[in-house]
Amino acid sequence: MARKKIREYDSKRLLKEHLKRLVASISRSAQLRFPLSSSSTLGSVTEATDFAELTNKEPWLSSTRLVVKPDMLFGKRGKSGLVALNLDLAQVAEFVKARLGVEVEMGGCKAPITTFIVEPFVPHDQEYYLSIVSDRLGCTISFSECGGIEIEENWDKVKTINLPTEKPMTPETCAPLIATLPLEVRGKIGDFIKGAFAVFQDLDFSFLEMNPFTLVNGEPYPLDMRGELDDTAAFKNFKTYTFVILKNTQVRNFQLLHTFRVSYLYIVMLTGGAILSFRCLWKSTKPHRGLHSLVDEKTSASLKFTVLNPKGRIWTMVGDLGYASELGNYAEYSGAPNEEEVLQYARVVLDCATADPDGRKRALLIGGGIANFTDVAATFNGIVRALKEKESKLKASRMHIYVRRGGPNYQTGLARMRALGEELGIPLEVYGPEATMTGICKQAIDCIMSTA
Amino acid sequence: MATGQLFSRTTQALFYNYKQLPIQRMLDFDFLCGRETPSVAGIINPGSEGFQKLFFGQEEIAIPVHSSIEAASAAHPTADVFINFASFRSAAASSMAALKQPTIRVVAIIAEGVPEADTKQLIAYARSNNKVVIGPATVGGIQAGAFKIGDTAGTIDNIIQSKLYRPGSVGFVSKSGGMSNELYNTIARVTDGIYEGIAIGGDVFPGSTLSDHVLRFNNIPQVKMVVVLGELGGRDEYSLVEALKQGKINKPVVAWVSGTCARLFKSEVQFGHAGAKSGGEMESAQAKNQALSEAGAVVPTSYEAFETAIKETFEKLHEEGKITPVKEVAPPQIPEDLNTAIKSGKVRAPTHIISTISDDRGEEPCYAGVPMSSIVEQGYGVGDVISLLWFKRSLPRYCTHFIEICIMLCADHGPCVSGAHNTIVTARAGKDLVSSLVSGLLTIGPRFGGAIDDAARYFKDAYDRGLTAYEFVEDMKKKGIRVPGIGHRIKRGDNRDKRVELLQRFARTHFPSVKYMEYAVEVETYTLSKSNNLVLNVDGAIGSLFLDLLAGSGMFTKQEIDEIVQIGYLNGLFVLARSIGLIGHTFDQKRLKQPLYRHPWEDVLYTK
């Protein structure tokens, strides 16, 4: 539903494959001929098997000096000692083996390393920088002949052009970027920039950066690369994207692994409508497949769910602004899902919310804003059915339920919820549009914080 | 952008991709506001044309449906708003087509998930052609008392509660459609209400931005203050900060950027909207709130304090005498939809149709209460299905087997019988399957194929009244009625119809009683004594044996048997069976590519 970071391996692979297709007219020189390989060693696959297979598929691995580094969407790998240069395959295997599954902490996130990229080691002198960023009115393309890890320090040497959406990329528009390059490389790098831009547009990239790329025997060669795709365009780029994005779910989980020890609250929200002020953030190591397919394939409705804490170590938003209303995101439905969809969705949320009871109180917030068109009674029917199914689990996890909702048929929906509370004997409070969501959250927090 | 009013009480829209509910809600809003014309002039539903019936208050109106954007724009030159309910796959292309119509000024895109690059094309085109794009990923917007886009502001109850049926003094713009509804309520509580509210949508690159609309509100004299609800992610709010700093906005602005919680998450987290990604300090809610506050906007300390901030700003304007008092009007009552009223238990309505044989509402269709899975899994045949759908009960296997034998025997009787002949002639005239089939079926009647029912009726009547074969046949003769089920064009007493023999053998083996058949045989014995061709034919055999089936199975009451014979069930059996053959003849002729049939002159006696 938005911009998705993709692995370095995929960025390079997409560029290599599609440059060839897209720039036949530009020139042969813009084609990339680098080999690369991604080794994903997970689960029961042993390192040895993996490498043997890999070498069969990619014979260049055993005949080339290699570079290996984790390929998991985090940066500063060099500074963390996670990049090794000029190794042979055995050394690469050893390097991977030593680091596979090792927890690293990056910007407060901790997770084991699971994926590496292996590529040829390329001795080089010149390091160029190229980035393309999509903005509202066009694209910003930046180029520098002083790329590499010192790019921040040399930012004044970066040349930038803004290409408006309605304008095509031409040699003239590209000229200011490469004007100062020596003649013998100017044409080649100009073609490469135009080629990279063509790939960027054709595959709906929203961000692309090569820092650095170099020339090997006069041919452009990206050494490090980052990319972001606009996954709303997946329907246009179906074949290209499926592979990248599916593979990526595992990577995104790394991003979402946080260790919050702010407090011991367990707050789950089932919100309807976009209540940005109130979204709980969760985390999980397991993607919810059933939900995923439900969300993406079958319905025009929007059902979003991100689990941030698999063990129910939850945080609260007793934040920096006093009692800040601001809870994080986690689960949201909108766009009028039907009862069956909500039922399945609620089952997933409730399973997560009631997992691993620890004797402490938990709170479940159901509802959200005043719906524009989502039928509250119908969606609540689905939630009521799920709550009934999970009655014992709810009781075991000492769940307190808070409901707040407005919109079509909300009176009926709220009445059903009230009746359900009495029927199940679970603490359940119900509010309509007259109460604010923020107030309800405060109550939920108070309830959980009380020692009883 | 900038300039002022987008909508008025006479604004009309074209609605792309027919959706009954949002359009009805727009029309209900129109009625509530006392608009004279409906706000939807035309509907575009690719591939269909005609009219859609909708309510405008108590009355039903017909809104024209067009198959293309161009046709709709040409037919409704005064409609200048395009409301696009296309899916995310096709929203960009249809929006671009709409922007290219000279009559269209504003395009609202509802779909979530339009690719960024496509939206950028729309933005570029709209900018250079001075048009306005609202969305994608939005519910739309509303000008109180004048015009409403699609589902904006939700139900009628909510619209009344938020006083959106008449203009107030507050201009409101938010990213989120859901939150805008929340704020319409809040603003109605603490001010004289909304003048105009826009939800720009949650995408990274919205078609029009928060500041675009704030600057527009600044040019609308009736808007006295502006409320802005932003969210983390993106830098849209900074263009508003710039506009405030440059003194381009001279009305009070109350603003809140939600998502301050994101700071607690150390890495990037995607919130509900594509644009709400918490990356970078500049894009954080805190930074934006602070920048807005420093630029002169009224920024509360938290979302809860937002309401108070709006209230205080409004009261200050009120004290300064800058607010023109709103003339309160009582909105008319919207007639409740029958379905809603039924659902809430307020009214009841009689049904128009009653059905007892099948039900398709559950997990799987049921025939007379038997689910499709049992029918398939238990190896039922066509005879069982007939027994369920025609007789509403599961008959024993010998009965359903008998029904199947009847169908097989009656499926076809060659190309020369009148039904097949008609079908062949029709098929050769180039008509379709159904026409060819029914032209054959329409031949079935008292002289062709209709004898089974009559045979059953007369045999039953005679047997039940205890008439001897002699009395029955002579009685019929007196009345001038040929005994149905007796007589054959070719078959003779010494050359019986094979089909009749098969039926009789089956029945003697499986039926508990064959009294009606024995009676028919007695009748045949008598008629054969009169003429050698008066044999029991297949109609007579089926008719009499069916009586035995009904009576002998013990599953029908006397009244039920009378009714079955009366209604014409047995004719149904013949129609069903013969359809198989008639369909075969149609296919046969078509496969053989036979030309139009013309009866030869030589074969007609032309006479005076």
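Biologist: Which residues of helix H1 of chain B are buried?

Modeller: This is a predicted model, in which local features need pLDDT of at least 70, side-chain atom pairs count only at pLDDT 80 or more, and totals for chains, interfaces and linings use all residues. Residues are numbered from 1 along each chain as its sequence is written, chains are lettered from A in the order in which they are written, and side-chain values use heavy atoms, without hydrogens and water. Buried means under 20% relative accessible area with a 1.4 Å probe, protein chains only. The buried residues of H1(B), a DSSP run of H or I with at least four residues, are B:Pro22, B:Ile23, B:Gln24, B:Arg25, B:Met26, B:Leu27, B:Asp28, B:Phe29, B:Asp30, B:Leu32 and B:Cys33.

Biologist: Why is H1(B) described as largely enclosed?

Modeller: H1(B) covers residues 20–33 of chain B. The rest of the structure largely encloses H1(B), because the buried residues number eleven of the 14.

Biologist: Which residues touch the most other members of the largest nonpolar core?

Modeller: A nonpolar core is a set of buried Ala, Val, Leu, Ile, Met, Phe, Trp, Tyr and Cys residues joined through side-chain atoms within 4.5 Å. The largest one has 84 residues, and those touching the most other members are B:Leu183 and B:Val227.

Biologist: How far apart do the C-alpha centres of domain 1 and domain 2 of chain B lie?

Modeller: The bounds, from an automatic or database domain assignment, are 10–318 for domain 1 and 410–590 for domain 2. The distance between their C-alpha centres is 72 Å.

How values were computed
Helices (H or I, at least four residues) and strands (E, at least two) are DSSP runs, numbered from the N terminus. The expected span of a helix is 1.5 Å times one less than its number of residues. Buried means under 20% relative accessible area, exposed over 50%, partly exposed in between (1.4 Å probe, protein chains only).
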